Amino acid sequence: MVRALPIAVLLAVLLAALLTTPLAAQERQRLVIATGSITGLYYAAGNAVCRVLERRPDNRFDCRVMETAGSGENLALLRAGRADLAMAQSDVLAGRPGVGERLAVAALYPEVFQVVGRRSLGMTVAGDVLAHRFNIGMPGSGTRLTLEALMRTNGIRLADFANPVELSGAEEASAFCRGRIDGFVFLSGIPNSKIASVLKNCDGEILGFVRSEVADFVRSRRGIDFFRFRRNTYAEMTETLDTFAVAALLVASPRMEDGTVREILGALLADIDWFTRLHPAWTQLLPADMALNMERQVMHPAAETVYVANAIISE
């Protein structure tokens, strides 16, 4: 009996601890957000969404981010049930019938198609990279998918690149600075710290497009629009350039319940002032932008009810 007493006491203490644990902590719902490379904005955006949810006193989510190759892989993860939310480019989402239809929850920021070349090689427009060692990105990444769509529209083949390289977004800046490649393309919000560092420290420059050469592509592909890349966006930019941009969308799994979609979007709208302070890429984000910067036909029905209820869009 003397030996049993400590065990009984221990069991009583453990039971008391369980009974006094807040109900929300016991019942937190796992929420996985598929993002991108750990150095990219998708990863930062996913973390920011988690931080908004975790700030709420009544938070019921165990929110985590997953590093991925980007938009293409993210949509596959949603479809396979391995992620609950994902970041995805608007053009990639719109181009996936049956996957991207009515799943978009919010547009968070514009992603600008940024072509970087080595200044000392005398490249003047984006097309000049064909003659050099150029990173086309990893298969499945949003950047690669958009680049391939642009190539198809303009009749450019992979064989037209003198020396194409496949590196991840996390590798390309280091490869450029070490002289392993002479250019790369990167879709991201602006300003982007990786691009800024390459321009400042590694002989990089932003290369624009001749607008007429990308006009057919922009007009024929959903989720894309022209973009004027203003000079001084980066300190080393001395002129305004033409390129195009997509929207970075927060997308829900087809398995996610409508009530959960409404809860997550409601939290973002309620705390948008704090959310916008988490990164310069979305510092100008307004509630209206979250709805109006995506096509209505890809907007999640539950998100649509939230935007209508808050008088952001009409029925």
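**Notebook: Arg118 and its surroundings**

I began with the contacts of Arg118. Setting aside neighbours within four places in sequence, I find Arg118 in contact with Met123, Phe176, Gly179, Ile181, Asp182, Cys202, Asp203 and Glu205. I note that this is a predicted model.

Next I looked up where Arg118 sits. Arg118 belongs to strand E4, which covers residues 104–118. Is Arg118 buried or exposed? Its relative accessible area is 12%, and buried means under 20%, so Arg118 counts as buried.

The Arg118 side chain reaches the backbone oxygen of Ile181 at 2.7 Å. Ile181 is also on the contact list of Arg118.

I turned to Glu205, another residue on that list. Glu205 lies in strand E8, residues 204–207. Its relative accessible area is 14%; Glu205 is therefore buried, as this is under 20%. What does Glu205 touch, leaving aside neighbours within four places in sequence? I list Val115, Val116, Gly117, Arg118, Arg119, Met123 and Leu199.

**Cores**

I looked up the nonpolar cores next. The largest one has 61 residues. Leu108, Tyr109, Leu265, Phe275, Trp282, Met290 and Tyr307 have the most contacts inside it. Which helix gives the largest share of this core? I find helix H3, residues 41–55, with eight residues.

I followed up Tyr307. Not counting residues up to four places away in sequence, Tyr307 touches Val105, Ala106, Leu265, Leu269, Pro287, Met290, Ala291, Met294, Met299, Ile312 and Ile313. Leu265 and Met290 are on this list, and both are also among the residues with the most contacts inside the largest core.

A second core is separate and has 24 residues. Ile136, Phe161, Ile224 and Phe226 are included in it.

**Whole chain**

The protein chain has 13 helices and ten strands. Its C-alpha trace spans about 85 × 55 × 35 Å along the principal axes. Of its 315 residues, 49% count as buried.

I also checked how far apart in sequence the contacts reach. Among contacts between residues at least 6 apart, 73% join residues at least 24 apart.

Notes:
Residues numbered from 1 in each chain as written. Predicted model: local features only at pLDDT ≥ 70, side-chain atom pairs only at ≥ 80, totals over all residues. Heavy atoms only, no water. Helix = DSSP H or I, 4+ residues; strand = E, 2+ residues; numbered from the N terminus. Buried < 20%, exposed > 50% of the residue type's maximum accessible area, 1.4 Å probe, protein only. Contact = heavy atoms within 4.5 Å. Polar contact = N/O pair within 3.5 Å; in protein donor to acceptor, adjacent residues only side chain to side chain. Core = buried A, V, L, I, M, F, W, Y, C linked by side-chain atoms within 4.5 Å.
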